[in-house]
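Morning, everyone. Today I'm talking about salt bridges. Please have a look at this one.

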Amino acid sequence: MARRHIRVVGAMLQNAEGRYLITQRPPKATLPLLWEFPGGRVEEGESDEQALAREIREEMGVEVVVMDQALHTHHEYPTYDIDFRVYRCRLSSPESAIHHLRVHDHRWVTLEEMSKYQFPDADAKTLAKLLGLEA
Ligand SMILES: Nc1nc2c([nH]c(=O)n2[C@H]2C[C@H](O)[C@@H](COP(=O)(O)OP(=O)(O)OP(=O)(O)O)O2)c(=O)[nH]1
């Protein structure tokens, strides 16, 4: 069978204190309980911006404004490849409460704190680039 290639979008979502939102994948998802940049797959006919806003609405019940693309990487997992783009985003309403609709947990973290959480393999490159970008 052909190897699957999936297009994934993630959010670099900063709050007023400059902390980034990271979310924990559900226990029964692929890559269970790993921490990640909120987001998910881009579906047929969707733009990256539409997909990211939809995923974040479905996962946490909040609205975001998607801004510029910050990072783009590829990663090969054992059974599929991802094309992963990360966009800077902000909450449409800064005081919005984060709901755990499809995420197990969330944290607002500094870049230093981020490295203490376990992320999927694809994010090693993303995190290194992010540290480089924001340094
Ligand atoms: N959102 C997100 N996904 C990531 C990150 N790093 C990483 O390897 N991924 C992978 C995990 C998954 O294989 C894929 C995202 O798919 P997903 O399962 O979250 O997407 P989805 O919500 O559309 O899920 P599904 O309905 O297809 O199950 O990208 C990341 O930082 N954020």
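Start with Arg107: at 33% relative accessible area, Arg107 is partly exposed. Here, buried means under 20% relative accessible area, exposed means over 50%, and partly exposed is in between, with a 1.4 Å probe and protein chains only. Arg107 forms a salt bridge with Asp105, and their closest N and O atoms are 2.9 Å apart. By salt bridge I mean a side-chain nitrogen of Lys or Arg within 4 Å of a carboxyl oxygen of Asp or Glu.

Some ground rules. This is a predicted model: local features need pLDDT of at least 70, side-chain atom pairs count only at pLDDT 80 or more, and totals for chains, interfaces and linings use all residues. Residues are numbered from 1 along each chain as its sequence is written, and side-chain values use heavy atoms, leaving out hydrogens and water.

How many salt bridges does a search of the whole structure find? The search finds 13.

Take Asp48 and Arg7. Their closest N and O atoms are 2.9 Å apart, in a salt bridge. This pair links distant parts of the chain: Asp48 sits in helix 1 (residues 48–60), Arg7 in strand 1 (residues 4–13), 41 residues apart. Helices (H or I, at least four residues) and strands (E, at least two) are DSSP runs, numbered from the N terminus. Buried or exposed, what is Asp48? Asp48 is buried, at 7%. Arg7 is partly exposed, at 35%.

Next, Arg19 and Glu113. Their side chains meet in a salt bridge, 3.1 Å from N to O. Arg19 is partly exposed at 29%, and Glu113 is partly exposed at 26%.
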